[in-house]
Amino acid sequence: MEEVPQGCPGTGSAQAGRGASCQGCPNQRLCASGAGATPDPAIEEIKEKMKTVKHKILVLSGKGGVGKSTFSAHLAHGLAEDENTQVHQSGSGWSPVFLEDNLGVMSVGFLLSGPDDAVIWRGPKKHGMIKQFLRDVDWGEVDYLIVDTPPGTSDEHLSAVQYLAAAHIDGAVIITTPQEVSLQDVRKEISFCHKVKLPIIGVVENMSGFVCPKCKKESQIFPPTTGGAEVMCQNLKLPLLGKVPLDPRIGKSCDKGQSFLIDAPDSPAALAYRSIIQRIQAFCSPHQPKESLVGS
């Protein structure tokens with residue numbers, strides 16, 4: 001986990017990568033490369049490309065293993081259920097892989113020669129790939145672009161924020177689990193968002209208890225010893241979007257490439273997902289009629 005240094009001037013500052021607090025920061029070189037230099041022409045190109053994408057959402061987590069990618073996938077599935085979501089139009093550039101007519105995916109995994117290949121890239125290579133995903137993929141007319149980011153705060157996050165800032169990022173959804181070891185890293189992620197002026201849509205507490213499908217009794221697999229995400233959000237004055245309980249069927253649906261929201265629509269986890277998706281949509285489109293929200 002790479003911490004944001006105290007007194008960080010932020011990526012948009014002329015002192016980015018050059019201030020006293022930047023010394024020793026692993027992102028110093030990347031920040032300094034953009035400070036006071038000629039703007040990257042890709043920023044304007046991406047801004048133009050992203051005009052056809054109404055909303056951009058980054059999904060972040062402080063640490064790995066909290067279910068961030070699973071949440072990203074089901075957020076996309078849930079949004080695609082909305083009849084108002086626009087269908088992708090393919091024409092130029094890289095074309096996403098389509099799961100549904102209105103649900104496309106782009107991943108580094110599609111570019112590898114085999115499923116067991118490892119991605120071993122230094123910062124500049126990752127920086128360039130993010131640029132290509134935003135500039136050279138033909139996303140077409142879509143309502144939502146969900147960016148599933150790596151855990152922590154790294155070059156990838158700075159690159160995504162830098163390139164999407166001009167095109168307007170709606171905000172970040174931050175995923176955590178109830179235990180303190182996860183919350184500690186999430187607080188650093190929240191600090192990162194504040195430093196780079198990335199709006200925070202809210203926090204999702206994943207793996208929040210387990211509801212037995214037979215007896216309906218709830219057990220705490222990961223006890224919230226310090227109050228969990230709820231207390232953290234109260235202290236930091238952030239919205240808690242919801243709590244998603246553990247459900248073995250979520251993993252099974254993911255393994256089959258299917259939507260858990262369709263496989264188990266009445267489960268407590270699916271209901272939690274739909275409530276969270278409604279709140280995210282309300283944040284992104286505050287004037288959207290309530291009846292058009294997912295799950296209503």
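**Exercise 1.** Identify the buried residues of helix H5 and state how the helix sits in the structure.

*Solution.* The model is predicted: local features require pLDDT of at least 70, side-chain atom pairs count only at pLDDT 80 or more, and totals for chains, interfaces and linings use all residues. Residues are numbered from 1 along each chain as its sequence is written, and side-chain values use heavy atoms, without hydrogens and water.

Step 1. Buried denotes under 20% relative accessible area (1.4 Å probe, protein chains only); helices are DSSP runs of H or I with at least four residues, strands runs of E with at least two, numbered from the N terminus.

Step 2. In H5, the buried residues are Asp-155, Glu-156, His-157, Leu-158, Ser-159, Ala-160, Val-161, Tyr-163 and Leu-164.

Step 3. Because nine of the eleven residues of H5 (residues 155-165) are buried, the helix is largely enclosed by the rest of the structure.

**Exercise 2.** Describe the chain as a whole: its elements, its burial and its contacts.

*Solution.* Step 1. The chain contains ten helices and eight strands.

Step 1. Of its 296 residues, 47% count as buried.

Step 2. Among contacts (heavy atoms within 4.5 Å) with a separation of 6 or more, 72% involve residues 24 or more positions apart.

How values were computed: Buried < 20%, exposed > 50% of the residue type's maximum accessible area, 1.4 Å probe, protein only.
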